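I set out to record what I looked up in this structure, entry by entry.

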Amino acid sequence: MIKYVKHPVEEEISKDYIIKCNGIVMDAYHVRVSAMPYNTVWPGRQRPLDQTELASVLNFEADEKVELEVEVAWDFEEAVVRPLSKNVKVKKCGRVCKLTIESCGQYTLELDGFHKALHIFVDPVVDFEAKTENVIRLEAGLHYGDMELESNTTLIIDRGAILYGNVSAYGKENVSIVGYGMIDGSCEKRYDDTLLIPVRLNALDGPIPTDKAEYDAFCAKEKVLKGNVRFLRCKNCALKGVTLRDSSTFSVVPADCDNVVIDDVKIIGMWRYNSDGIDVFNSSNIWIKNSFLRDFDDCVVIKGIKGWDTRNLENILVENCVVWCDWGRNLEIGAETNASEYRNIIFKNCDCIHGSTVMMDVQHHNRADVHHVMFEDIRCEFTKYQLQDVYQSDMNAPYSNPQPARHPLLMELPIYGWGTYGGGDKRIGTMHDIVFKNITVYADDPNVVKSHFAGWDEEHQIKRVLVSNVVVNGEKVTPEIEIGNFVSDVTIE
């Protein structure tokens, strides 16, 4: 069975592709994405559109094998489906691509590189039902405004429904946001006097207010951006099935939460400054799975944020995700590490199909003891189409695509002693018992695959790192790792 719902007539339908799926004519819709890795600290205005481009998204449900026929609007030589680990072959007939998708998941069809890619989201056939006493349903069509959910509430967003706004819950329990519809953040604008997240790093006198009224007053005064979804000081929450588009800040934030499941979420259309994907703040028992993230900035990030840092980060699992990072880091702990402890954090069975800075890392700036972290069964793709990432110091200078390209690091473990993101707290942390296991690399040029580990000083070292079974283009290798000072007990096998 194939289930497909046409998009609202107000949506911009992609003219780049004519698509048939098991004989059914389907439309893709446009999303705005980053076209180049050109970034800077917030300059007082949003990224210019000439640094972006329109890509396409096809989204439907299936419980059977899918035969896709895609007619492309331009001539091309090479057609590739990612993740490469899915081994989806493309038969090219002129401008037509034919491919077979055997199972649900998220894929990209890329033609002579990543520009103007077709993102293909094949969802399992699910009838979303509420398991709470309160139900809110958004049916197909356009909806506007922010929504704040109470305890024991399920918000169902039907396929074909688009909510232009934010969904949040503060201090609630048993809250679910489910369905194959969309939450779009494009109506939210960022200015110089708005806060990216609810933290005043340089003027923070204490924790973020715990009283709801005080918290709301703080956010109103500081004009805090809302992104797509916020679970704040919540328990037993779920985000499942939805597509999240065009956030002006971090798309999804669980902060000071316990027991949150994020499943089959598609994050796309992120092109603005600091448009991260899923940023977990000082929370425990978090499960992120079966999701797709294409973000201009970092994708899956485990953060210890000043003001929320009375709580540690522990028991976090990220698995079976497809990750495309246009600027920063794919699978990351940090850069903010304000907490006493990080422990029991696992990234497992994920595909990093594009990267910019680092594929997998612990970027340690603050006071936490970070330990028992594992990256296992991670597949990373390094392509000949990689661009040079550039820090934009001159806001009037165009991106010039300098060569040679800068490929992302495969693994990085740095401890920094600068106290950045600590709000005046200059304490430095430690890192130990870190594992990279069964790391598979697909590389057009295997010589670009490098890694880096470095501690800070004798008291703030990196200890006991295991790197096991790194395979590049089908061959087990000894990875090229630059090991700096204050790193000990590194085992490579």
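**Entry 1: the second largest pocket**

I sorted the lining of the second largest pocket by class and found 14 nonpolar, two polar and seven charged residues. For this sorting, Ala, Val, Leu, Ile, Met, Phe, Trp, Tyr, Cys and Pro count as nonpolar, Asp, Glu, Lys and Arg as charged, and the others, Gly among them, as polar. I note that this is a predicted model, in which local features need pLDDT of at least 70 and side-chain atom pairs count only at pLDDT 80 or more, while totals for chains, interfaces and linings use all residues. Residues are numbered from 1 along each chain as its sequence is written, and side-chain values use heavy atoms, with hydrogens and water left out.

I looked up the volume of the second largest pocket and found about 420 Å³ of space. Of its 23 lining residues, Ser168, Tyr215, Asp216, Cys219 and Lys226 are the closest to the centre. A pocket here is an open set of points on a 1 Å grid over the protein atoms alone, with protein on both sides within 12 Å along at least five of seven lines; a cavity is a set of points where a 1.4 Å probe fits but cannot get out, and lining residues have an atom within 4 Å of a point. Grid points are joined across faces, edges and corners, and a volume is the space filled by probe spheres set on the points.

H1 gives the most, with five residues. Helices (H or I, at least four residues) and strands (E, at least two) are DSSP runs numbered from the N terminus.

**Entry 2: helix H1**

I checked which residues of H1 are buried and found Tyr215, Phe218, Cys219 and Glu222. Seen down the axis of H1, the buried residues fall within an arc of 95°, so they line one face of the helix. The arc is that of the directions from the helix axis to the C-beta atoms. Buried means under 20% relative accessible area, exposed over 50%, and partly exposed in between (1.4 Å probe, protein chains only). The face of H1 turned away from the buried side carries the exposed residues Ala213, Ala220 and Lys221. The buried residues of H1 pack against E18 and E21, where contact means heavy atoms within 4.5 Å.

**Entry 3: salt bridges**

I found 39 salt bridges in the structure, each a side-chain nitrogen of Lys or Arg within 4 Å of a carboxyl oxygen of Asp or Glu.

Lysine 384 and glutamate 78 form one of them, at 3.4 Å from N to O. This pair links distant parts of the chain, 306 residues apart: lysine 384 is in the loop between strand E36 (369-382) and strand E37 (390-391), and glutamate 78 in the loop between strand E7 (66-72) and strand E8 (79-82). Lysine 384 is exposed, at 55% relative accessible area, whereas glutamate 78 is partly exposed at 26%.

I next examined arginine 233 and aspartate 256, whose closest N and O atoms are 2.9 Å apart in a salt bridge. Arginine 233 lies in the loop between E21 and strand E22 (235-240) and aspartate 256 in the loop between E24 and strand E25 (258-263), so the pair ties together parts 23 residues apart in sequence. Arginine 233 is buried at 17% relative accessibility, and aspartate 256 is buried at 17%.

**Entry 4: cavities**

How many cavities of 30 Å³ or more does the structure hold? I found two.

The largest cavity contains about 170 Å³ of space. It is lined by 15 residues, of which Phe114, Asp326, Gly355, Gln386 and Leu387 lie nearest its centre. Its lining has eight nonpolar, six polar and one charged.

The second largest cavity contains about 130 Å³. Among its 15 lining residues, His7, Arg159, Gly160, Tyr180 and Met182 are the closest to its centre. I counted seven nonpolar, five polar and three charged residues in this lining.

**Entry 5: proline 8**

I located proline 8 in the loop between strand E1 (2-3) and strand E2 (17-21). Proline 8 is buried, at 11% relative accessibility. Leaving aside neighbours within four places in sequence, proline 8 is in contact with Gly141, Leu142, Gly160 and Ile162.
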